[in-house]
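User: Please look at the model below and take me through some questions about its charged side chains and its contacts with DNA.

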Amino acid sequence: MNNLNTLHLEDLPQDETLLQQITQKQVLYFQEHLLEWFEREGRHDLPWKPQAQFSEKINLYRIWISEIMLQQTQVVTVLPYFERFMAAFPTPEDLAKASEEEVLKLWQGLGYYSRARNLHAASKQLVLEFNGIIPPDFEAIRRLKGIGDTTANAILAQGFNLPFAILDGNVRRVLTRITGMMAPRKELDKRLKPFSETFLCRQNPADYTQAIMDFGATLCKLKPLCERCFLQQYCSAFIHEKVAEIPAKPIKKKNPTESVALILYWTETNQILLEKRPTKGIWGNLYSLPELLLQGKDQKSTSSAIIHEKTLNDFPHKKQLANIRHQFTHYTLEASLFKIPVSDEYLKALISSQNLKNYRMVTVNDALLLPKPQPIAELLNQIATNSLAQTLW
DNA sequence: GAAACGTGGGC
DNA sequence: TGCCCAAGTTT
C-alpha cells in the first residue's frame, strides 16, 4: 500500500499505469478504513435509508425520490422537503395520480423544477410500464425521466446493493484528490470511471456508496478537514499540498443581469393576476406575477408583453411596492414590483380580450396555494400578511 | 456539447 | 455585498 503516494499532480502517468500501481492491498485499505470511518462518523439517520433498529426494509421509492431531490442539492436542504413529499405521496401510485401542480407545490423552494416535472412523469412511466416497481435493471431505470447515469447507478447500488459504481460530485472530489488528477470535467470523468470501479467494495456496495458520499460531503469537501483524514499518506493532493487546487475549478463565465417589471394587478375584491409560466425556461410551469422584460437578452414582444407595457405606461396610480434582486446560478434577476389598482371587470376584460391563456385571476389567498418561484412566493406572503401593503399602500 | 436550470448557505 | 458552491439531467 505504498504506491498511491507516488502519484504526481503534473506529468501524471497514464491512467492504465496508475491502475496497475494500485494493488489489491491498497484497495482493501481504502475500503476498510472508509467503511470503518462511515460506521463511526457517517450519516446513519437519513430518512430514505431503512432504520435497522426499527427493522425497516429498504424502500426503493424513497431512495429514488431522495436521489432526485439530492441532485445538486445538499442533504440538509432536502430533509424537510423529503418528509413533506413522502407524507403527501407515499407510493409511486400516489405520485402518479397527483396533479403536476400538487407536485410542484411541494417542490416549491427546492429549485430545478424540471426535476419535479420529470419525477411526476416518471412515476406515471413506472406505474404503467413496471407496475410501480423499480426493477434492478440499469437500462430500465435509466429510461425513467430525470434519471441519468449517476442516479441510475446510485439507485442500483443503494437500493439493490448491486456493484454499480457511482461517480457523483462527492466521489469525483474524493478520487481526484487521491489520484491528483487534473483534467476538464468530461475527460476527468472518463478517466475517473475505472478508479471508481476499482475502489468499489463489491461485498457491500450500498454501504460503500453511502460511505464515500458521506466522506466527500462531510470530510473531503470543498474545504476539506484533512487533519481528521485517514488517507493523508495516500492522498496525492494532500502530499503535494494541492488540496485547495483539486478538483480544478472551471473558468467562470460572467453573470448577466436581467431586469423585469412585475405587475400586481389588484382589484377591489383582492384579486390578482397570475401567469402560469411556459414549461421551457426558468421556473417552468410555476405561477408567477405577469412580468415585462425591461432589459436582458432575447427581447420579445409577445402580446402579453405589449399589454403589460401599456398598463405600466397608462396607469398614473401605479405604485412601486418593492425592488428585488434574485441571484441564479447563471444570471441575476432584478425586478421592480408595481401595484396597479383595477376593477374586477377590467381584469376579466383584459384576460378575455387579449386571450391570455395561462393567466388566472385569483384572490391573494388562493394565490398562496399555487406553486410559485421562491422570490414571488415571498412577495405574495408579505402582501397577504399586509406587511408590504401597510407601509406602501 | 455547451448552456440552461434554483436556492440557501459559506465566507 | 457579491460570488462560489452543492448527491446532475436535459436539450
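**Salt bridges and the DNA surface**

Analyst: In this predicted model, K97 has a relative accessibility of 66% and therefore counts as exposed.

User: Which residue forms a salt bridge with K97?

Analyst: Side chains of opposite charge can pair when their charged atoms come close. K97 lies in helix 5 (residues 92-97), about one helical turn away from a residue 3 positions apart from it in that helix. The closest N and O atoms of the pair are 3.6 Å apart, and the partner is D94.

User: How many residues apart are R360 and E101, which meet in a salt bridge?

Analyst: The side chains of R360 and E101 meet with an N to O distance of 3.8 Å. R360 counts as partly exposed at 36% relative accessibility, and E101 counts as partly exposed at 26%. The pair links distant parts of the chain, with R360 in strand 7 (residues 359-363) and E101 in helix 6 (residues 100-107), and their separation is 259 residues.

User: To which atom of DNA strand B does a backbone N or O atom of Q374 lie at 2.9 Å?

Analyst: Q374 is among the residues that come nearest to DNA strand B. At 2.9 Å from a backbone N or O atom of Q374 lies a phosphate oxygen.

Technical notes: Residues are numbered from 1 along each chain as its sequence is written. Chains are lettered from A and ligands numbered from 1 in the order in which they are written. This is a predicted model: local features need pLDDT of at least 70, side-chain atom pairs count only at pLDDT 80 or more; totals for chains, interfaces and linings use all residues. Side-chain values use heavy atoms; hydrogens and water are left out. A residue is near a molecule or strand if one of its heavy atoms lies within 4 Å of it. A polar contact is a pair of N or O atoms within 3.5 Å; within protein, one must be able to donate a hydrogen and the other to accept it, and residues adjacent in sequence count only if both atoms are side-chain atoms. A salt bridge is a side-chain nitrogen of Lys or Arg within 4 Å of a carboxyl oxygen of Asp or Glu. Helices (H or I, at least four residues) and strands (E, at least two) are DSSP runs, numbered from the N terminus. Buried means under 20% relative accessible area, exposed over 50%, partly exposed in between (1.4 Å probe, protein chains only).
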